[in-house]
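Biologist: Please take one part of this model and go through it closely, with the cut-offs behind each term.

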Amino acid sequence: MARKSKIPEPTPDPEPASSGSDSEQEYDSEAEGSESNDGSSSEQDSVADSFDDGEDFESQGSSDDDEDVLKRQGDESDDDSFDGEGGVQILDTEVLDAPRQWKRDVLGSKKADETGDGEKVDPEKVKAVAAYMHTDDLSSDDEDPEGINNRIGRIPLHWYDDYEHIGYDAHGSKVIKSAQGNMLDQILQNEDDADGKKYTVYDALNAKNVQLTERQIQLIRRLQSGAFAHPEHDANPDYIDYYSGIPEISGINSNRYEKKSRFQPSAFEKLQVRRLLHRLKCGSINMDFLEGKVRDMNDYKKCQEDSDKPFLLWKGDEEDELALRKGPQHIAPPKQPPPGHALSYRPPEEYLPSREELEEWEKLDPEDRPYGNFVPKQFDNLRSVGAYEHAVKERFERCLDLYLCPRVMKRRLNIDPESLVPRLPRASDLRPFPTTKCIEYKDGEVGAVRCLSVSPEGQFIVSGGEDGIVRLWEVQTGRLVRKWNLGDVLTNVVEKEDEKSEEDNETLKPKKPITSIEWNPNRSHHCIIAGVGKCAVIIATGTGGIDDAEVTDALLSDAMSVKGGGNIAAESRAAKAVKWISLKKYNKQDASNSSPISAFGGSAGPIALLQTNRDVASVRWHRKGDYFVTVSPKAGAAAVLIHQLSKAASQQPFGKTKGEVQLACFHPMKPFLFVASKEHVKVYHLVKQVMVKRLLSGCRHISSLDVHCSGDHLVVGSLDRRLVWFDLDLASTPYKTLKYHERALRSVGFHPRYPLMASAADDGSIHVFHSMVYSDLMRNPLIVPVKVLKGHAVTNSLGALTMVFHPTQPWLFSAGADGKIHLFQDL
């Protein structure tokens, strides 16, 4: 808050204020504070008079009283009327009748006691004048003569919230906080107070209440209404033409402002400077010419030419001068070939033509002759050589060719082909990835191994081969833990089921290879599903802990005790396509393979069997471990079946299909189902039951597919050696198509944790790729081949049939037609 100063009391205006409707426009404070505490009239009376006769805040021009003041000022021509310090002129003017707006020339000087000619001035008059011009205290807020204000500066006040004081004054004493109470109650109390406390504001810096004066209230209200703060301010003063003592030649255009171009650099001078710099750069002038030492450059050049100084005849920059000159681009004429031996004055004998050759030479056209119009001749010396008779003609024809034949300057780009190929990072910088074969899993002559699957924790691996046996291996030791002969399971089921027809017996009796096997991705569910023949067999591994064994038994309870073909509605389409059969009796007979591996017990061995109409080619789990999908390519509309293990129920999602379905898998996060035919991949929304997208692979026969853990990328392998990468957010066409293998691809897949991708083919090799998928949608995936793994022999035109990554380590398992299973680690 500003320091309060003592305001001089203005002399009241003798003329009464105007009445009527104009008086209603005055401030409300005029009625409340018309009289001050000492009994004198308020300062607002002079302001209220300034708005009489309908004047508003914006009408702040000069009045007629200004002319009288200017006339009296013009009569004052003596220099003695000014004080000794060269200050303000003292005016002997009656100021009792204060004007509505105070004029600049009615101003008291510092020495208001006497004028220049010794006349005394009434101090009361000067005081009345100062009441209008020096009413406001315009001193700085920092001035505190008593030293009682707060001196903390611009320190935040909330620093003193925990203290009883709010700062220190100039004497070092604490500025104690004042009890404020409820600010809302205080404002309401001030509004009802008749003593003028409603104009009391709280000074937070000095912790005290400050009473606003009527003058300050008036200034605030004028600012709110958009007028000048001071009523004495004259926004439009009359122009006073002071005489400077210099006679004017003409008054025309004497009050015009200077042009803007007078304050800016001259454009013409700028152009002249640019021309001179250009001539100086080209050499047509020199510094002597600019400095005035040489008046004409022609004379200077003549003086230079007359000198006998040596000069270069061929400088070597003639071509550069022609290229820099104005006009069309100079193109140098093609160089003529250098003269050969035939053009010598004494050529060898073999170059001299015989008489028969001369006769043939004359019959030829000039352009078909070997040397044109020239005939090689032999001379004894060079002085005997005469002038060439066709020299002028040949020179003219050459000039004519240069003049008439169009020529174009061609710029050859010297581009390094390696610079066009993108730079890929080194394989050593992209580690870890599998590099070395470490463990080989063997169990005699097992035939070709078609499928592999790893447990979610990475401790066990299962394999399915041509002999129809599922083998369970321990990853670290390579030990064969369990094996289940699914061929015997199908045979026992056929023998026990009397209602089976002979046709069904013939289809189930033969041992068929295991085409697909998949471990449950849920860590709490220790079971696998294997596709063999027309059936999909559910096997409990018996590897669960104390809690997982109970969860697995609860999951398999309905499948173990299923009756009547499963929980499938009789009127549904799936009732004709699939049937659930319990294998509980088989486990009792085969006690050797039904014992659990874990010490905590639980179920082990084949639990249930799903019988379909056609051979099962592929089985895939959902990520939660309850649903799984089976694919039978020859089953037509029932090719794709979705099953729920916990309820032993099945459903057929499609009523009809176009083409043979080869593979199917679930989206890792969304309710999408990917269904692959021989040439296309269709994406279906399982909740909305609509097709979302159709991916055009460009392949002839799709053999495998896998979805990235992010769910935005899909990789497809085909029998025509193509590895196709799809970006599901980008387009329906492939993002990348790779062809590194020499034979058909059998298996492709992503690593669930590391940025790795691999493909296995019939050439016996496995290609490992670094496949980084960025979270930034503006960056494309980085695909870099890093390693080629070899270890499988080609048997019956088949090589590596399947591969699968370890779930937690950068390891890779592979199996092939040679019956071997390998583990590759990152050594």
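Modeller: Leucine 645 touches Cys527, Ile538, Leu555, Leu556, Ala559, Trp580, Trp621, Asp626 and Phe628, leaving aside residues up to four places away in sequence; contact means heavy atoms within 4.5 Å. The model is predicted, so local features need pLDDT of at least 70 and side-chain atom pairs count only at pLDDT 80 or more, while totals for chains, interfaces and linings use all residues. Residues are numbered from 1 along each chain as its sequence is written, and side-chain values use heavy atoms, with hydrogens and water left out.

Leu645 belongs to the largest nonpolar core, which has 25 residues; Ile538, Leu556, Trp580, Leu610, Phe628 and Leu645 touch the most other members. A nonpolar core here is a set of buried Ala, Val, Leu, Ile, Met, Phe, Trp, Tyr and Cys residues joined through side-chain atoms within 4.5 Å. Buried means under 20% relative accessible area, exposed over 50%, and partly exposed in between, with a 1.4 Å probe and protein chains only. The elements that give two or more residues to this core are β11 (527–532), β12 (535–540), α16 (546–560), β13 (578–582), β14 (605–612) and β15 (618–621). Helices (H or I, at least four residues) and strands (E, at least two) are DSSP runs numbered from the N terminus. Another core, of 24 residues, lies apart from it and includes Phe460, Leu486, Ile528 and Ile539. In soluble globular proteins, nonpolar side chains tend to be buried together.

Next comes strand β17, residues 640–644. Five of the five residues of β17 are buried, so the strand is largely enclosed by the rest of the structure. Val640, Ile642 and Gln644 point one way from β17, whereas Leu641 and His643 point the other way. In a regular strand the side chains alternate between the two faces of the sheet.

β17 has pairing partners in β16 and β18; two strands pair if DSSP finds at least two bridges between them. Strand β16 (residues 627–631) runs antiparallel to β17 and is joined to it by five bridges, with valine 631 opposite valine 640. Strand β18 (residues 649–651) is also antiparallel to β17, over three bridges, and glutamine 651 in β18 stands opposite isoleucine 642. Four residues lie between the strands in the hairpin of β17 and β18, where alanine 648 takes a positive phi near 55°. Strands of a sheet pair through backbone hydrogen bonds, either parallel or antiparallel.
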